[in-house]
Amino acid sequence: MVKRVITGAVFTVVLLLGVALQGWVLRGLLLFAMLVSLSEMYRAFRRTGADPVRWAGYLYCVLAVLAQSLYSALDHPMFGEISPPMLALTLSLLIAMTVIVARGKVAFVSMVTTVFPMLYPGLFFSLMITLQDLSTRFASTVALLLAFFIASVNDVFALLVGVQFGRHKLSPEISPKKSVEGSIGGLAASVLFAVLVPVLANWAASIWPEINPTGVALPPLWAFALLGLIAGALSQVGDLVASLVKRHCGIKDFGTIFPGHGGMMDRMDGILFCGVACYLFFRLAGL
């Protein structure tokens, strides 16, 4: 337990530094996490006898970061027609499928296990990368804090409530330890956290106006409460999806990069689903 707490604390500090610095530091951190996550997913599928075209997935990771970087630096009109993540994904999928078909074999499993990691975790990572390119740094900081930490808050309180009050299994076949009571506790904490972040952000901006120099207005608190509920629920879905993949592949953890936690995917599974919710929320809010 001590090892798990220390690892979690270090992971949190690294994420906070990334949010504070943003720019290429955050892109670099997310690219590293993206590459490691795809590697873990491909390794898990290979345990089942599949033969995914791994280099196509890694190419997608690089293309996604480069496309988003060019978008933020050049503001080219091409990106008004197609988003950078979708451009990178489309090109990578075309390459991957062409390579598989060119082998001349009926390798459907190879195609599925190549494409699936490009969508999850790949596409979900690339959507999170866009959050630092919102209209203002103030909005980006709020979005990133919510994307990275709603899932973590959900996990902690779901565990605490589940241990004390858990009586009914949430998904006994996929994840036997999760309970309905823990899920509800996690959702309540997610809603509270999602409301607390913009409240504190606006309070800080009222004291230090340079934090929000353009005076951008965040959505109303009820909208953030709804975001917390949806993102919290999706983070739990992300945990279950990752557990489903692990059970299919016959593994306990995706890796060992985080002592006490497992692999990168074991830490990012729920965060990625939560990040998609935040991406949609802030895009719909016009930020």
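Q: At what angle do helix H5 and H6 pack?
A: This is a predicted model, in which local features need pLDDT of at least 70, side-chain atom pairs count only at pLDDT 80 or more, and totals for chains, interfaces and linings use all residues. Residues are numbered from 1 along each chain as its sequence is written, and side-chain values use heavy atoms, without hydrogens and water. The axes (lines fitted to C-alpha atoms, for helices over the stretch in contact, with angles from 0 to 180 degrees between N-to-C directions) of H5, residues 84–102, and H6 are 11 Å apart. The packing angle of H5 and H6 is about 170°.

Q: Are H5 and H6 roughly parallel or roughly antiparallel?
A: Angles under 35 degrees count as roughly parallel, over 145 as roughly antiparallel, 65 to 115 as roughly perpendicular and the rest as oblique. H5 and H6 pack at about 170°. The pair is therefore roughly antiparallel.

Q: How do H2 and H6 lie to each other?
A: The axes of H2 and H6, residues 108–129, come within 10 Å. These axes cross at roughly 160°, so H2 and H6 are roughly antiparallel.

Q: Is Val14 buried, partly exposed or exposed?
A: Val14 lies in helix H1. Buried means under 20% relative accessible area, exposed over 50%, and partly exposed in between (1.4 Å probe, protein chains only). Because the relative accessibility of Val14 is 36%, the residue counts as partly exposed.

Methods. Helix = DSSP H or I, 4+ residues; strand = E, 2+ residues; numbered from the N terminus.
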